[in-house]
Amino acid sequence: MSTTPSLNGQIIGRAHHATRALLERLLAPAGLTFHQSLALNATADQGGSADREQLVARLTGALKVDPPVVLAALAGLTTAGLLAESPDGPGRLALTERGRARQEEVRAAVAGLTARLYGGLPAEDLAVAARVLAVVTERADAEAAG
């Protein structure tokens, strides 16, 4: 008889790593790393242009990495011609046409992956999981800061 496992860090970690491996496999043909894809999404989410310092702060907080890791991802995107200095002002980065196209392409592919992984799961189960994981993340962030 099969039992449902208790929610714990190991279960959460296994789900994270399994999903991340699929995501990285999806990103590789686009020539992007995980960190770069998040930087493109964060820039797109701000209308296609973002303050470099705010972008670094957002990504270091979300990824739990040091600023040089994020700066390297941004430099790679700039070298690849996907981000460029924004004409909106100093210290801002903007998606180039290629960057916007690549970000939209990747976002669509991720949406397909998400549909395959989460499809068919009851909406109420997904809502509960989202609430629980948000609380766990909030508590972990508070503990790390404290």
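Let's start at one pair of residues: Ala50 stands opposite Leu93 in strand 3. The model you are looking at is predicted, so local features need pLDDT of at least 70 and side-chain atom pairs count only at pLDDT 80 or more, while totals for chains, interfaces and linings use all residues. Residues are numbered from 1 along each chain as its sequence is written, and side-chain values use heavy atoms, with hydrogens and water left out.

Stepping back for a moment, the protein chain holds six helices and three strands. Here helices (H or I, at least four residues) and strands (E, at least two) are DSSP runs, numbered from the N terminus. Read from the N terminus on, the elements follow the pattern α-α-β-α-α-β-β-α-α. The C-alpha trace spans about 60 × 40 × 25 Å along its principal axes.

Now look at the two pairings in turn. Strand 1 and strand 3 are joined in the antiparallel sense over three bridges, and Ser49 stands opposite Ala94 in strand 3. Strand 2 and strand 3 also run antiparallel, with three bridges joining them; there, Glu85 has Leu93 as its bridge partner in strand 3. Strand 2 and strand 3 form a hairpin with six residues between them, and Gly89 in the turn has a positive phi of about 150°.

Which helices meet this sheet? Contact means heavy atoms within 4.5 Å.

The axes of helix 1 and helix 2 come within 10 Å and cross at roughly 80°, which makes helix 1 roughly perpendicular to helix 2 (angles under 35 degrees count as roughly parallel, over 145 as roughly antiparallel, 65 to 115 as roughly perpendicular and the rest as oblique). On the helix 1 side, Arg20, Leu23, Glu24 and Leu27 meet Phe34, His35 and Ser37 of helix 2. The residues of this contact divide into three nonpolar, two polar and two charged. In this sorting, Ala, Val, Leu, Ile, Met, Phe, Trp, Tyr, Cys and Pro count as nonpolar, Asp, Glu, Lys and Arg as charged, and the others, Gly among them, as polar.

Helix 2 also packs with helix 4, at an angle of about 75° and with the axes 9 Å apart; these two helices are therefore roughly perpendicular to each other. His35, Gln36, Ala39 and Leu40 of helix 2 make the contact with Val69, Ala73, Leu74, Gly76 and Leu77 of helix 4. Here the residues divide into six nonpolar, three polar and no charged.

What lies in the largest nonpolar core? It has 22 residues, of which Leu32, Leu40, Leu55, Leu74, Leu77 and Leu83 touch the most other members. The elements giving two or more residues to this core are helix 1 (9-27), helix 2 (34-45), helix 3 (52-63), helix 4 (67-79) and strand 3 (92-95). Helix 2 gives the most, with five residues. A nonpolar core is a set of buried Ala, Val, Leu, Ile, Met, Phe, Trp, Tyr and Cys residues joined through side-chain atoms within 4.5 Å. Buried means under 20% relative accessible area, exposed over 50% and partly exposed in between (1.4 Å probe, protein chains only). Leu83 is in contact with residues including Leu40, Leu74, Leu77 and Leu93, leaving aside its neighbours within four places in sequence.

Finally, turn to helix 5 (residues 97-118), where Ala109 is found. Ala109 is partly exposed, with a relative accessible area of 29%. Its C-alpha atom is separated by 22 Å from that of Ala130, 21 residues apart along the chain. Over the protein chain of 146 residues, 27% count as buried.

Methods:
Axes fitted to C-alpha atoms, helices over the stretch in contact; angles between N-to-C directions. Pairing = 2+ DSSP bridges.
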